[in-house]
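I opened my notebook to record what I looked up, one entry at a time. The structure goes here before my notes.

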Amino acid sequence: MSPGTGTGTGTGTGTGTGTGTRPPLPGVGVPVGAVLFDYFGTLTVQSSVDERRQGTYEVAEILGLDGDAFFTALTGSFTERSTGVLGDQRATLAHMARRCGGRPDDGQLAAACAHRTELEWRFASAYRPESLAVLEHLAAASVPVGVVSDCTHELVQIWDRLPVAGVVGVAALSVSLGVKKPDPAMYVHACDGLGVDPAAVLYVGDGGSHELTGARALGMRAVRLAGAEAADALVYDFDHGWDGPVITSLHQVPELAGLGS
(Lines give C-alpha, C1' and ligand atoms only; values in the text may rest on other atoms or scores of the structure.)
Protein backbone atom coordinates (compact mmCIF):
# COMPACT_ATOMS: atom_id res chain seq x y z
CA MET A 1 0.00 0.00 0.00
CA SER A 2 1.71 2.61 1.33
CA PRO A 3 -0.54 5.46 1.28
CA GLY A 4 -2.36 4.58 -1.78
CA THR A 5 -2.72 8.05 -2.97
CA GLY A 6 -3.58 10.55 -0.33
CA THR A 7 -2.25 11.11 3.10
CA GLY A 8 -4.64 9.01 5.11
CA THR A 9 -5.23 5.41 5.87
CA GLY A 10 -8.27 5.11 7.98
CA THR A 11 -7.28 3.28 11.14
CA GLY A 12 -4.23 1.27 12.00
CA THR A 13 -1.42 3.33 10.53
CA GLY A 14 2.04 2.24 11.38
CA THR A 15 5.55 1.44 10.34
CA GLY A 16 7.60 -1.61 10.98
CA THR A 17 9.72 -4.13 9.20
CA GLY A 18 8.88 -7.31 11.03
CA THR A 19 11.25 -9.27 13.21
CA GLY A 20 12.20 -12.83 13.90
CA THR A 21 12.97 -15.76 11.61
CA ARG A 22 11.12 -15.72 8.33
CA PRO A 23 10.14 -18.77 6.28
CA PRO A 24 11.95 -19.48 3.02
CA LEU A 25 10.90 -17.65 -0.10
CA PRO A 26 7.94 -19.33 -1.80
CA GLY A 27 8.34 -21.38 -4.94
CA VAL A 28 11.76 -20.14 -6.05
CA GLY A 29 12.21 -21.26 -9.63
CA VAL A 30 8.59 -22.34 -10.04
CA PRO A 31 6.97 -20.52 -12.99
CA VAL A 32 3.94 -18.38 -12.23
CA GLY A 33 1.01 -17.37 -14.39
CA ALA A 34 1.31 -13.68 -13.47
CA VAL A 35 2.78 -11.28 -10.93
CA LEU A 36 0.64 -8.72 -9.12
CA PHE A 37 2.28 -5.73 -7.47
CA ASP A 38 1.03 -3.26 -4.94
CA TYR A 39 1.83 0.21 -6.25
CA PHE A 40 2.72 2.77 -3.58
CA GLY A 41 5.63 1.65 -1.43
CA THR A 42 6.26 -1.36 -3.65
CA LEU A 43 6.91 -0.16 -7.18
CA THR A 44 7.53 3.30 -5.74
CA VAL A 45 9.72 4.30 -2.82
CA GLN A 46 7.66 4.55 0.34
CA SER A 47 6.86 8.12 1.31
CA SER A 48 7.55 9.21 4.86
CA VAL A 49 5.09 10.63 7.36
CA ASP A 50 6.83 14.00 7.10
CA GLU A 51 6.57 14.07 3.30
CA ARG A 52 2.88 13.26 3.40
CA ARG A 53 2.20 15.74 6.17
CA GLN A 54 3.97 18.55 4.30
CA GLY A 55 1.92 17.92 1.18
CA THR A 56 -1.28 17.95 3.22
CA TYR A 57 -0.32 21.27 4.81
CA GLU A 58 0.17 22.78 1.36
CA VAL A 59 -3.30 21.71 0.24
CA ALA A 60 -4.79 22.89 3.55
CA GLU A 61 -3.29 26.34 3.03
CA ILE A 62 -4.92 26.60 -0.39
CA LEU A 63 -8.26 25.64 1.15
CA GLY A 64 -7.85 28.05 4.06
CA LEU A 65 -7.75 25.24 6.63
CA ASP A 66 -5.63 24.40 9.63
CA GLY A 67 -2.95 21.97 8.50
CA ASP A 68 -3.06 19.68 11.50
CA ALA A 69 -6.84 19.46 11.42
CA PHE A 70 -6.81 18.66 7.71
CA PHE A 71 -4.11 16.01 8.14
CA THR A 72 -6.14 14.38 10.91
CA ALA A 73 -9.26 14.46 8.75
CA LEU A 74 -7.47 12.82 5.83
CA THR A 75 -5.78 10.15 7.88
CA GLY A 76 -9.12 9.22 9.37
CA SER A 77 -10.91 8.93 6.06
CA PHE A 78 -8.74 6.84 3.77
CA THR A 79 -11.29 4.07 3.43
CA GLU A 80 -13.96 6.57 2.38
CA ARG A 81 -11.67 8.41 0.01
CA SER A 82 -10.05 5.35 -1.53
CA THR A 83 -13.38 3.71 -2.30
CA GLY A 84 -14.92 6.81 -3.87
CA VAL A 85 -17.90 7.10 -1.55
CA LEU A 86 -17.38 10.86 -1.13
CA GLY A 87 -17.62 11.56 -4.85
CA ASP A 88 -15.02 12.73 -7.34
CA GLN A 89 -11.80 14.53 -6.43
CA ARG A 90 -13.43 17.95 -6.08
CA ALA A 91 -16.39 16.66 -4.08
CA THR A 92 -14.06 14.69 -1.82
CA LEU A 93 -11.91 17.72 -1.03
CA ALA A 94 -14.99 19.86 -0.43
CA HIS A 95 -16.35 17.22 1.94
CA MET A 96 -13.07 16.99 3.86
CA ALA A 97 -12.88 20.79 4.10
CA ARG A 98 -16.37 20.92 5.63
CA ARG A 99 -15.28 18.36 8.22
CA CYS A 100 -12.63 20.84 9.22
CA GLY A 101 -15.11 23.71 9.41
CA GLY A 102 -14.12 25.23 6.06
CA ARG A 103 -16.18 26.39 3.11
CA PRO A 104 -13.71 26.85 0.24
CA ASP A 105 -14.92 28.57 -2.91
CA ASP A 106 -14.71 27.14 -6.42
CA GLY A 107 -11.35 28.76 -7.09
CA GLN A 108 -9.80 27.32 -3.94
CA LEU A 109 -11.16 23.86 -4.71
CA ALA A 110 -9.84 23.97 -8.27
CA ALA A 111 -6.39 25.04 -7.06
CA ALA A 112 -6.38 22.41 -4.30
CA CYS A 113 -7.33 19.66 -6.76
CA ALA A 114 -4.55 20.69 -9.11
CA HIS A 115 -1.99 20.77 -6.31
CA ARG A 116 -3.02 17.38 -4.94
CA THR A 117 -2.73 15.89 -8.41
CA GLU A 118 0.77 17.34 -8.74
CA LEU A 119 1.76 16.02 -5.31
CA GLU A 120 0.48 12.55 -6.13
CA TRP A 121 2.33 12.62 -9.44
CA ARG A 122 5.54 13.14 -7.49
CA PHE A 123 4.81 10.21 -5.18
CA ALA A 124 3.49 7.97 -7.97
CA SER A 125 6.50 8.54 -10.22
CA ALA A 126 9.14 8.07 -7.48
CA TYR A 127 9.99 4.54 -8.62
CA ARG A 128 12.46 2.23 -6.99
CA PRO A 129 15.60 2.12 -9.16
CA GLU A 130 14.88 -1.45 -10.24
CA SER A 131 11.11 -1.23 -10.75
CA LEU A 132 10.89 -0.54 -14.48
CA ALA A 133 13.65 -3.01 -15.34
CA VAL A 134 11.95 -5.77 -13.36
CA LEU A 135 8.57 -5.10 -14.96
CA GLU A 136 10.14 -5.09 -18.42
CA HIS A 137 12.00 -8.33 -17.63
CA LEU A 138 8.73 -10.02 -16.69
CA ALA A 139 6.94 -8.66 -19.75
CA ALA A 140 9.74 -9.76 -22.08
CA ALA A 141 9.42 -13.26 -20.64
CA SER A 142 5.65 -13.21 -21.30
CA VAL A 143 4.78 -13.13 -17.60
CA PRO A 144 1.69 -10.92 -17.28
CA VAL A 145 1.93 -8.09 -14.76
CA GLY A 146 -0.85 -6.35 -12.84
CA VAL A 147 -1.17 -3.67 -10.18
CA VAL A 148 -3.53 -3.83 -7.21
CA SER A 149 -3.61 -0.47 -5.44
CA ASP A 150 -5.61 1.25 -2.75
CA CYS A 151 -5.70 4.79 -4.07
CA THR A 152 -7.69 7.97 -4.41
CA HIS A 153 -8.78 9.72 -7.60
CA GLU A 154 -5.40 11.21 -8.41
CA LEU A 155 -3.79 7.90 -9.42
CA VAL A 156 -6.63 7.23 -11.85
CA GLN A 157 -6.18 10.69 -13.36
CA ILE A 158 -2.46 10.31 -13.96
CA TRP A 159 -2.24 6.57 -14.64
CA ASP A 160 -1.92 6.75 -18.44
CA ARG A 161 1.02 9.18 -18.11
CA LEU A 162 3.02 6.93 -15.81
CA PRO A 163 5.91 4.94 -17.32
CA VAL A 164 4.56 1.65 -15.94
CA ALA A 165 1.21 1.99 -17.68
CA GLY A 166 2.53 0.52 -20.91
CA VAL A 167 3.88 -2.58 -19.15
CA VAL A 168 1.10 -3.29 -16.67
CA GLY A 169 -1.64 -5.40 -18.20
CA VAL A 170 -4.36 -4.52 -15.72
CA ALA A 171 -4.65 -2.05 -12.85
CA ALA A 172 -7.15 -2.81 -10.09
CA LEU A 173 -7.59 0.61 -8.48
CA SER A 174 -9.75 0.80 -5.37
CA VAL A 175 -11.35 4.17 -6.05
CA SER A 176 -12.61 2.87 -9.39
CA LEU A 177 -13.81 -0.49 -8.03
CA GLY A 178 -15.45 0.86 -4.87
CA VAL A 179 -13.62 -1.57 -2.58
CA LYS A 180 -10.15 -1.73 -1.07
CA LYS A 181 -7.74 -4.43 -0.03
CA PRO A 182 -8.01 -7.03 1.36
CA ASP A 183 -11.43 -7.35 -0.31
CA PRO A 184 -11.16 -10.36 -2.67
CA ALA A 185 -12.76 -8.33 -5.47
CA MET A 186 -9.55 -6.32 -5.84
CA TYR A 187 -7.42 -9.38 -6.57
CA VAL A 188 -10.07 -11.17 -8.60
CA HIS A 189 -10.47 -8.12 -10.87
CA ALA A 190 -6.75 -8.19 -11.62
CA CYS A 191 -6.63 -11.95 -12.13
CA ASP A 192 -9.65 -11.90 -14.43
CA GLY A 193 -8.12 -9.08 -16.43
CA LEU A 194 -4.94 -11.09 -16.92
CA GLY A 195 -6.78 -14.36 -17.50
CA VAL A 196 -5.08 -16.24 -14.68
CA ASP A 197 -6.20 -18.23 -11.68
CA PRO A 198 -5.22 -16.74 -8.28
CA ALA A 199 -3.41 -19.97 -7.40
CA ALA A 200 -0.96 -19.28 -10.24
CA VAL A 201 -0.15 -15.74 -9.09
CA LEU A 202 2.75 -14.24 -7.15
CA TYR A 203 1.70 -11.17 -5.15
CA VAL A 204 4.29 -8.59 -4.03
CA GLY A 205 3.46 -5.78 -1.62
CA ASP A 206 4.81 -3.73 1.27
CA GLY A 207 2.20 -5.12 3.68
CA GLY A 208 -0.26 -2.26 3.93
CA SER A 209 -4.02 -2.82 3.99
CA HIS A 210 -3.53 -6.44 5.07
CA GLU A 211 -2.88 -7.07 1.40
CA LEU A 212 -0.58 -10.04 1.91
CA THR A 213 -2.93 -12.09 4.05
CA GLY A 214 -5.70 -11.15 1.63
CA ALA A 215 -3.71 -12.43 -1.33
CA ARG A 216 -2.69 -15.60 0.48
CA ALA A 217 -6.30 -16.30 1.45
CA LEU A 218 -7.10 -16.54 -2.28
CA GLY A 219 -4.33 -19.05 -2.82
CA MET A 220 -1.67 -16.69 -4.15
CA ARG A 221 1.97 -16.91 -3.25
CA ALA A 222 2.53 -13.68 -1.33
CA VAL A 223 5.77 -11.98 -0.37
CA ARG A 224 6.44 -8.76 1.46
CA LEU A 225 8.87 -6.19 0.10
CA ALA A 226 10.73 -4.45 2.93
CA GLY A 227 12.63 -1.58 1.36
CA ALA A 228 15.50 0.22 3.04
CA GLU A 229 13.21 3.15 3.87
CA ALA A 230 10.48 1.01 5.46
CA ALA A 231 11.28 1.98 9.04
CA ASP A 232 10.40 5.64 8.40
CA ALA A 233 7.57 5.11 5.94
CA LEU A 234 3.91 5.82 6.33
CA VAL A 235 2.16 2.49 5.80
CA TYR A 236 -1.58 2.26 6.27
CA ASP A 237 -3.19 -0.64 8.08
CA PHE A 238 0.11 -2.48 8.18
CA ASP A 239 -0.21 -6.24 8.45
CA HIS A 240 1.72 -6.74 11.67
CA GLY A 241 0.60 -10.36 11.79
CA TRP A 242 2.26 -11.27 8.50
CA ASP A 243 4.33 -14.41 9.08
CA GLY A 244 5.26 -15.07 5.48
CA PRO A 245 8.41 -14.48 3.45
CA VAL A 246 10.10 -11.11 3.03
CA ILE A 247 12.37 -9.78 0.29
CA THR A 248 14.44 -6.61 0.32
CA SER A 249 14.57 -5.81 -3.40
CA LEU A 250 12.36 -6.21 -6.45
CA HIS A 251 15.41 -7.72 -8.14
CA GLN A 252 14.40 -10.93 -6.35
CA VAL A 253 11.00 -11.10 -8.06
CA PRO A 254 12.04 -12.64 -11.43
CA GLU A 255 13.65 -15.57 -9.65
CA LEU A 256 10.50 -16.05 -7.58
CA ALA A 257 8.54 -16.04 -10.84
CA GLY A 258 10.72 -18.83 -12.24
CA LEU A 259 12.83 -16.67 -14.54
CA GLY A 260 16.13 -16.62 -12.74
CA SER A 261 17.60 -13.48 -11.18
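**Entry 1: the whole protein**

What share of the 261 residues in the protein is buried? I looked it up: buried residues make up 55%. I keep in mind that this is a predicted model. Next I noted the secondary structure, which comes to 12 helices and six strands. I also noted an accessible surface of about 9900 Å². Carbon and sulfur atoms hold 53% of that surface.

I picked strand E1, residues 34-37. Which way do its residues point? Ala34 and Leu36 point one way, and Val35 and Phe37 point the other way. All of them are buried. I wrote the general rule beside this: in a regular strand the side chains alternate between the two faces of the sheet.

Which strands pair with E1? I found strand E4, residues 201-205, joined to E1 over four bridges in the parallel sense. Within E4, valine 201 is the bridge partner of alanine 34. I also found strand E2, residues 145-149, which pairs with E1 over three bridges, again in the parallel sense. Here valine 35 stands opposite valine 145 of E2.

**Entry 2: two helices side by side**

I moved on to helix H2 (residues 49-63) and helix H6 (residues 106-124). Their axes are 8 Å apart, and the angle is about 165°. Angles over 145 degrees count as roughly antiparallel. H2 and H6 are therefore roughly antiparallel to each other. I recorded the crossing of H2 past H6 as right-handed. On the H2 side the contact includes Gly55, Val59 and Ile62. On the H6 side it includes Ala111, Ala112 and Leu119.

**Entry 3: serine 47**

I looked at the loop between helix H1 (39-43) and H2, where serine 47 has its place. Is serine 47 buried or exposed? Serine 47 counts as buried, because its relative accessibility is 4% and the cut-off for buried is under 20%. I then checked serine 47 against alanine 126, which is 79 residues apart from it along the chain. Their C-alpha atoms are separated by 9.1 Å.

**Entry 4: backbone exceptions**

I began with a reminder: most residues other than glycine have a negative phi, and most peptide bonds are trans. Then I searched for exceptions.

Serine 142 has a phi near 65°, a positive value, and it is not a glycine. I found serine 142 in the loop between helix H7 (131-140) and E2. Serine 142 counts as exposed, because its relative accessibility is 63%.

Histidine 210 also has a positive phi, about 55°. I placed histidine 210 in the loop between E4 and helix H11 (211-217). Is it buried, partly exposed or exposed? At 34% relative accessibility, histidine 210 counts as partly exposed.

Where is there a cis peptide bond? I found one joining lysine 181 and proline 182, with omega about 10°. Proline 182 lies in the loop between helix H9 (174-177) and helix H10 (184-194).

Conventions: Residues are numbered from 1 along each chain as its sequence is written. This is a predicted model: local features need pLDDT of at least 70, side-chain atom pairs count only at pLDDT 80 or more; totals for chains, interfaces and linings use all residues. Side-chain values use heavy atoms; hydrogens and water are left out. Buried means under 20% relative accessible area, exposed over 50%, partly exposed in between (1.4 Å probe, protein chains only). Two strands pair if DSSP finds at least two bridges between them. Accessible areas come from the Shrake-Rupley method with a 1.4 Å probe; for residues, only the protein chains shown count as cover. Axes are lines fitted to C-alpha atoms, for helices over the stretch in contact, and angles run from 0 to 180 degrees between N-to-C directions. Angles under 35 degrees count as roughly parallel, over 145 as roughly antiparallel, 65 to 115 as roughly perpendicular and the rest as oblique. A crossing is left-handed if the near helix is turned anticlockwise from the far one by less than a right angle, and right-handed if clockwise. Contact means heavy atoms within 4.5 Å.
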